[in-house]
Amino acid sequence: MSDTTANTEAAPAVENVQTEVQTETVESPVAEAAPAAEEAPKTEDASKEEEKKPEATKSIDRADYKNNRKYDPSTQPVTDDPVKIRNQVEFYFSDSNLPTDKFMWETTGGVENKPVSLKTICSFKRMQMFQPYSAVVAALKESAFLDVSGEEGQETVKRKKAYTSSSDAQKARLAASVYVKGFGEETGSTQFDIEAFFTKFGQVNLVKLRRNEENKFKGSVFVEFKTEDEANAFVALNPAPKWQDQELVIKKKKDYLDEKTQLIKEGKMEPGTSKKKIFFEGSIKGAERGRGRGGRSGGDKGDWKSRRDNDQRNGFKGGRGRGRGGRGGRGGRGGRDNRDRNNDNNNKRAREDDGDKSAEPAAKKVDTKTEAVEQQ
């Protein structure tokens with residue numbers, strides 16, 4: 001994929017859920033959330049407490065987390081540039097986005113490669129900068145990656161070659177990815193600004209802004225370059241690149257994930273309690289894991305070291321699966337036998353970024369494990 005591809009926004013009147021992409025974030029349409037309940041007026045003491053909080057904390061909208069995401073494609077000028085149009089639409093169908101984008105995956109049928117209405121694609125927020133519609137059609141007819149067909153005004157688009165799930169491809173994507181931190185507060189154009197920053201260092205498939213549980217930008221990103229060599233060259237730059245004169249923390253994504261995993265094993269970092277659901281190749285994962293560790297009530301967050309010690313005594317083997325289940329977890333009251341747990345393991349699929357999977361291949365445990373660490 002190319003440098004300026006990203007954001008799969010929702011169709012009109014539909015809210016978007018981010019799974020950022022190629023040089024930008026990808027959003028997939030989801031049902032609009034119900035209006036938040038009206039907040040009770042703050043007391044004087046509560047207002048004083050609020051004043052003591054750091055600015056970053058005060059700016060969080062706890063009534064509606066969607067407001068914490070500042071991404072705004074209307075900050076970009078309208079254009080009919082055929083290269084930018086192709087890059088963006090190809091991104092939506094790319095291996096870097098398709099398996100993790102619930103809307104695109106379900107619309108195309110994933111490996112079925114069903115055609116998608118071009119007008120639906122043009123309804124995505126980021127696509128609305130590309131005008132007129134005829135310019136989009138003309139640009140895509142020159143694509144080496146996509147096929148355009150249908151009567152004028154009713155065009156559909158699909159990949160020339162259907163998506164195929166591959167564990168080797170997933171590993172290659174991880175090897176071509178980097179972790180970079182130090183981008184500060186988010187503005188409406190941050191996604192676009194960071195994309196432009198990275199395209200100076202190589203061909204970029206995806207730029208994913210990392211967000212916390214409240215949908216607020218963490219100031220760090222995962223970037224997938226076209227090749228592992230480009231990623232390695234970026235990490236090795238001397239002097240290291242800066243962002244608006246600010247120093248950046250730069251490392252390979254795999255190194256970042258391995259470091260976090262090691263800190264958790266050593267008891268120096270608390271495991272993440274994220275219950276974010278991760279979509280990948282037609283499956284949604286993540287919710288059971290978060291629920292299982294704490295049982296029905298969520299458990300005692302401070303008891304993670306005890307769980308870790310028990311896991312270590314059991315060699316991080318079968319006992320761990322039972323421990324996570326508890327009464328309300330995966331294992332039910334008594335846990336499941338080894339045969340059932342083995343079946344679970346064989347059904348796990350690898351994921352990269354916000355997920356990545358398809359309906360056929362065998363287990364890919366390595367990527368599945370790192371997915372939870374990415375939330376740290």
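Among contacts in the chain between residues at least 6 apart in sequence, what percentage join residues at least 24 apart? In this predicted model, the share of such contacts that join residues at least 24 apart is 66%. The chain comprises 376 residues, of which 43% count as buried, and its secondary structure consists of 15 helices and 11 strands.

An open sheet is formed by three strands in the order β3-β5-β4, with antiparallel pairing. Because β3 and β4 stand at the edges, each with a single partner strand, one side of each is left without a neighbour in the sheet. Strand β3, residues 116-117, is joined to strand β5, residues 156-159, by two bridges, and Ser117 is placed opposite Thr156 of β5. On the pairing of β5 with strand β4, residues 146-149, four bridges are found, again in the antiparallel sense. Here Ser149 stands opposite Thr156, while Asp147 stands opposite Lys158.

An α-helix has 3.6 residues a turn, so residues three or four places apart point the same way. At the start of the helix, a side-chain oxygen of Ser166 comes to within 3.3 Å of the backbone nitrogen of Asp168.

The largest nonpolar core contains 29 residues, and within this core Phe93, Ile121 and Met127 touch the most other members. At least two residues of the core are supplied by each of the helices α3 (82-93), α4 (102-108), α5 (118-122) and α6 (133-140), and likewise by strand β10 (278-280). When neighbours within four places in sequence are left aside, Ile121 is in contact with Val89, Tyr92, Phe93, Met104, Val116, Met127 and Val157. Apart from this core lies another, of 18 residues, which includes Ile194, Phe198, Trp243 and Ile250. In soluble globular proteins, nonpolar side chains tend to be buried together.

The setting of Ile284 was also examined. This residue lies in strand β11, residues 283-285, and its relative accessible area is 48%, so Ile284 counts as partly exposed, given that the class of exposed residues begins over 50% and that of buried residues lies under 20%. Not counting residues up to four places away in sequence, Ile284 touches Lys102, Lys277, Ile278 and Phe279. The C-alpha atoms of Ile284 and Thr100 are separated by 9.7 Å, although the two residues are 184 residues apart along the chain.

Notes:
Residues are numbered from 1 along each chain as its sequence is written. This is a predicted model: local features need pLDDT of at least 70, side-chain atom pairs count only at pLDDT 80 or more; totals for chains, interfaces and linings use all residues. Side-chain values use heavy atoms; hydrogens and water are left out. Buried means under 20% relative accessible area, exposed over 50%, partly exposed in between (1.4 Å probe, protein chains only). Contact means heavy atoms within 4.5 Å. Two strands pair if DSSP finds at least two bridges between them. A polar contact is a pair of N or O atoms within 3.5 Å; within protein, one must be able to donate a hydrogen and the other to accept it, and residues adjacent in sequence count only if both atoms are side-chain atoms. A nonpolar core is a set of buried Ala, Val, Leu, Ile, Met, Phe, Trp, Tyr and Cys residues joined through side-chain atoms within 4.5 Å.
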